[in-house]
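The points are meant to be read beside the structure itself.

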Amino acid sequence: MSLLATLLGEAPSPADAARGTGPRLLAYVADAASAALLTRTAPALLPCEVRTGDIRSAARDLARQRSPDLLLVDLSGVAEPLTAMEALAGVCDPSVRVIAVGDSNDIGLYRDLRRIGVTDYLFKPLSRDLLEGALRAAGAGAAADEAAGRLGKLVAVVGARGGVGTTTVAVHLGCWLADGARGRTALVDLDLQNGTVALALNLRPEPALREAVEAPDRVDDVFMERAMIAASDRLSVLAAEEPVEDVIDIAPTAALSVLNRLQARHNYVVVDAGRAQGGAARAALEAASIAVLVGDASVAGLRDLVRLRAAIARRAGGGRLVTVLNRRGAPGELPAADLMRTLGEPPEHALPYRPVPLAVAAGVGEPAFRHCRRFREAMERLGADVAGQPAAQDGLFRRWVRR
């Protein structure tokens, strides 16, 4: 699913309605006439702020601040409006409704913008009636009939066996999507008792995750905001550390309810599904738009990698499967020829064996790619692939196989 689909409309949440805030408009227009009309018209309908600039100004500002509920952007003079809209989608919350204005009276552009999820396109010069109608429709959630496209991308990271570094890959992928792709990212640990996602980032787990999955009917947006642990301005973590003696059985429907709520507020939701043996982890795997399968090049690791890859390919969901060979170059791994003979083809990505930078990074609660160039390059290729960005150059693993 394209990142642009995250721009589809959504009615105000019950939490927003309870606070009485309603939708909030942030407008970027390049000409004085449109700015004056917005200043006269919009405040009577909803709280608003009008700024001078175009869609590029909006993308630059929203990369550093919280997204509004409703965004109006100016496409006038922008050579590639669809590319600019994609850049905007990467920094906006998925729940943002977008109205575009421009000086091109092109029905093809209007259809393209509507297809990628823009709520409306208005041709300049703007009129008061036309502007009021568009703002009322967007504020009321007129695009709710297109709601299926407004969710962020769900990424499930699953290990072929224990000890292959599933959590390491999930944590670093979540950090890269927040840092490199500049997307609002939620990182979820489905192991409520022994998970180490929060520990890897030096964060204190919150007890709210257990309540969320045991009583999903009591969860709203305010609850989720308080349950999330902020790791950075664009990365939030949902994790727990429940007593090991407790018996915790997460219902698949409860897990999907929480994940769907997160998808409505984030560009990416990365789930550490472990070995996907529980019902909740398997449900997340089947619902994921991308399943990242992690293995290593040991004898047992390759055996389980082949078995699990075949099982995931047969899963109910139609999401894409990405295979990651972790710890390439570690002692005891099989030669490249044996690896290729077992797998049949190279995995899409490989992460190098770098125990010292990983241990140091874990000790300070930071991702290792900030301190290790080769690990950063490998994570950039994996992250760009998951984010749907242009493919990187030939990877280290494929060059290694050719040698």
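1. Axes here are lines fitted to C-alpha atoms, for helices over the stretch in contact, and angles run from 0 to 180 degrees between N-to-C directions. Helices (H or I, at least four residues) and strands (E, at least two) are DSSP runs, numbered from the N terminus. The model is predicted, so that local features need pLDDT of at least 70 and side-chain atom pairs count only at pLDDT 80 or more, while totals for chains, interfaces and linings use all residues. Residues are numbered from 1 along each chain as its sequence is written, and side-chain values use heavy atoms, with hydrogens and water left out.

2. Helix α3 (residues 55–62) packs with helix α4 (residues 81–89) at an angle of about 15 degrees, the two axes lying 9 Å apart. That makes α3 roughly parallel to α4, a label given to angles under 35 degrees, whereas those over 145 count as roughly antiparallel, 65 to 115 as roughly perpendicular and the rest as oblique. Their crossing is left-handed, which is to say that the near helix is turned anticlockwise from the far one by less than a right angle (clockwise would be right-handed).

3. In contact terms (heavy atoms within 4.5 Å), Ile 55, Ala 58, Ala 59 and Leu 62 of α3 meet Ala 84, Met 85 and Leu 88 of α4. The residues of this contact divide into seven nonpolar, no polar and no charged, where Ala, Val, Leu, Ile, Met, Phe, Trp, Tyr, Cys and Pro count as nonpolar, Asp, Glu, Lys and Arg as charged, and the others, Gly among them, as polar.

4. Five strands form an open sheet with parallel pairing, in the order β2-β1-β3-β4-β5; two strands pair if DSSP finds at least two bridges between them. At the edges, β2 (48–52) and β5 (120–123) each pair on one side only. Strand β1 (residues 25–29) is joined to β2 in the parallel sense over five bridges, and Val 29 stands opposite Thr 52 in β2.

5. The axes of helix α11 (residues 252–263) and helix α12 (residues 279–287) come within 8 Å and cross at roughly 50 degrees; α11 and α12 are therefore oblique to each other. This crossing is right-handed. Pro 252, Ala 255, Leu 256 and Leu 259 of α11 make the contact with Gly 279, Ala 280, Ala 283, Ala 284 and Ala 287 of α12, and by class the contact has eight nonpolar, one polar and no charged residues.
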